[in-house]
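Hi,

Here is the structure I promised to pass on to you. Have a look at it first, and then read on for what turned up in it.

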Amino acid sequence: FRERISMARYCLEYCLTLAVLLAVFALAAAQNDRACNTYDKNGASKVTSKESCQEACCTAEGLCGGDKTDFKGVADAAKCGCKTGSSTRDLCLDAAYASRAAAVSGSWTLVISCLAGLVLRSVWV
């Protein structure tokens with residue numbers, strides 16, 4: 001019985017550690033000189049919407065026309081990428097967007113780990 005509880009606790013602790021690491025990595029990735037809310041490469045204005053993301057991809061990267069952008073978020077908490085063929089080149093990323101994304105993914109990891117712990121406990125008990 002104690003071994004089963006110990007295993008469930010181990011699984012829960014592992015998932016919580018994973019959630020914390022995801023948050024730390026997301027914050028570290030957001031600490032860059034390419035923040036959307038201060039973006040100005042080649043005279044492009046800051047990126048706050050899908051339209052300004054399109055403009056920045058055209059002005060800064062020369063990728064104009066069509067659906068060549070991947071914008072997510074809102075003003076001051078955004079991520080913008082420029083599509084080149086089948087891949088997307090990251091243009092800018094705000095720390096607030098990365099923090100929010102990490103919080104959401106961490107929350108889901110926490111929920112899943114708790115459910116897994118309950119299932120394991122009910123199976124092993």
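Please keep in mind that this is a predicted model.

Where does R34 sit? You will find R34 in the loop between α1 (2–30) and α2 (50–61). R34 counts as partly exposed because its relative accessibility is 36%, which falls between the limits of 20% for buried and 50% for exposed. Along the sequence R34 and D90 are 56 residues apart, while their C-alpha atoms are 9.4 Å apart in space. Leaving aside neighbours within four places in sequence, R34 is in contact with D90, L91, C92 and L93.

Now for the strands. β2 (residues 77–84) pairs with β3 (residues 87–93) in the antiparallel sense, over 6 bridges. Together β2 and β3 make a hairpin with 2 residues between them, and G85 in the turn has a positive phi of about 70°. T84 stands opposite S87 in β3.

L91 comes up again in the largest nonpolar core, which has 15 residues; Y39, V47, C80 and L91 are those with the most contacts inside it. The elements that give two or more residues to this core are α2, β2 and β3, and α2 supplies the largest share, 4 residues. Not counting residues up to four places away in sequence, L91 touches several residues, including R34, Y39, A56 and C80.

Enjoy exploring it!

Note on methods. Residues numbered from 1 in each chain as written. Predicted model: local features only at pLDDT ≥ 70, side-chain atom pairs only at ≥ 80, totals over all residues. Heavy atoms only, no water. Buried < 20%, exposed > 50% of the residue type's maximum accessible area, 1.4 Å probe, protein only. Contact = heavy atoms within 4.5 Å. Pairing = 2+ DSSP bridges. Core = buried A, V, L, I, M, F, W, Y, C linked by side-chain atoms within 4.5 Å.
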